[in-house]
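Visitor: I would like to learn how to read a protein model, one feature after another. Could you take me through this one?

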Amino acid sequence: MIIIKKKYDIAVIGGAGHIGLPLSVFLQNKGNQVLIVDPNQSNISKAKKGIPPFIENNFESNIKEALKKGLNFTENIKEIKEKEFIFVTIGSSSNTEDIKLFDMLINEVISTASKDTKIILRSTLSPETFETLKKNKIIKSKNLKLAYCPERIAEGLAFEELEKIPQIIGCEKKDSHIFKDFFQSNDFETLETDIKTAIFIKLFTNAYRYASFSLINEFNNIANDNNLDFNAVLDVATYKYDRLRGIPLPGFIGGPCLIKDMDTFIKSYEKDNNNLDSFFKTNTRYLEDIVNNCKVKFKDKKIIQLGLTFKPGSDDLRSSLSLNLRNELIREGFKVYSVDPFVESGALDFEIFSFKEVKNKTDNIIISTNHKIFDEIEFKNKNLLIVGRN
Ligand SMILES: NC(=O)c1ccc[n+]([C@@H]2O[C@H](COP(=O)([O-])OP(=O)(O)OC[C@H]3O[C@@H](n4cnc5c(N)ncnc54)[C@H](O)[C@@H]3O)[C@@H](O)[C@H]2O)c1
């Protein structure tokens, strides 16, 4: 079947964020006209100059191309009126305050949008949020079309993954051709389902990933309690042994999605599920064990901490367990010199050093977020502890 590629007039609410900005840039570069709607002046002023406000592969060239092609920005939500497609990509979670903000925003979108507008919810939603939204009578009176099309990219890989991850479209059957046409015109492979299933798929995916990373941390904790080096266990157990292929490595599980989506999954579908809930305890214990190891290994209570962001190669500090580790160590009376070349000075309320500045302060080093750039450091004769192998 030949697909006739159409171009669309689009607004992206939350378009200056980690999901919204790459998406807006991507859609503009596909030939659509995109308006970013976001009050985040800091990100917008950088993006307008072609400067990536956060780390993504190939971000700068893509932003510059989108600016040349006419990417637009506004703080004023009223400008979504007359847009054919409206994306909602603001942050979301299962905490009451976030749900309230999301509900308020979506009500404003619905009352501002023109008749027949198509609204694509891309923020990760709970079923409860969707149930509340469905009750809004204006949806029917304005004949608005609603779809839940979750984002499934990993931070840093947006431009590669937007091109290749199939787009899940959750909507009413009668509307599915509209959203299918939209995404297929923009080169997405599409998978159609109903909204409830799409919500479950997105939350299940992240809850499952959280659980599988936690499970390996649970085994790590058990090995630790039995005075066994779990890295040595894994090296031997996985060598030329295909049945353990793809097994995750122990490490911190942080970041803006996995923890919150596991929490939302449990609250939404099975509040008393002790199996899933216990993984939060696993990860608390994983961190406590690291602090205890530090107490044994670094008797003089001085440490150079390498890496603060939630994962290597990222500048994102949201729900970073490396930050929690720093706080725990300080609470235990350690003097911590934190080093992270990806974090701008002034981003946190404590000083961030370069390795050069602190390398003579102590021989004790902990790698808490294993940025590739740390491979250049000579660790010979250092008292080194590596958190997992993230
Ligand atoms: N970050 C990820 O890797 C990732 C991956 C998949 C899905 N998600 C989901 O995508 C959603 C967005 O996450 P994010 O990481 O992009 O968050 P973010 O905080 O980086 O971006 C959210 C943006 O929304 C803007 N915003 C907030 N309130 C607004 C309002 N009333 N009007 C207009 N703009 C407003 C903020 O200024 C910000 O720029 C969340 O639901 C998240 O769970 C995130």
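Visitor: Among contacts in the protein between residues at least 6 apart in sequence, what percentage join residues at least 24 apart?

Guide: This is a predicted model, in which local features need pLDDT of at least 70 and side-chain atom pairs count only at pLDDT 80 or more, while totals for chains, interfaces and linings use all residues. Residues are numbered from 1 along each chain as its sequence is written. Two residues are in contact if their C-beta atoms, placed from the backbone, lie within 7 Å, and here 71% of those contacts join residues at least 24 apart.

Visitor: How many helices and strands does the protein have?

Guide: Helices (H or I, at least four residues) and strands (E, at least two) are DSSP runs, numbered from the N terminus; the protein has 14 helices and 12 strands.

Visitor: In what order do the strands of the open sheet lie?

Guide: Strands of a sheet pair through backbone hydrogen bonds, either parallel or antiparallel. Two strands count as paired if DSSP finds at least two bridges between them, and in this open sheet of 4 strands the order is β10-β9-β11-β12, with parallel pairing. At its edges are β10 (335-339) and β12 (383-386), each of which pairs on one side only. Strands β9 (residues 302-306) and β11 (residues 364-367) pair over 3 bridges, with Ile 304 standing opposite Ile 365 in β11.

Visitor: Which strands does helix α13 touch?

Guide: Helix α13 (residues 321-331) packs on the sheet, where it touches β9 and β10.

Note on methods:
Axes fitted to C-alpha atoms, helices over the stretch in contact; angles between N-to-C directions.
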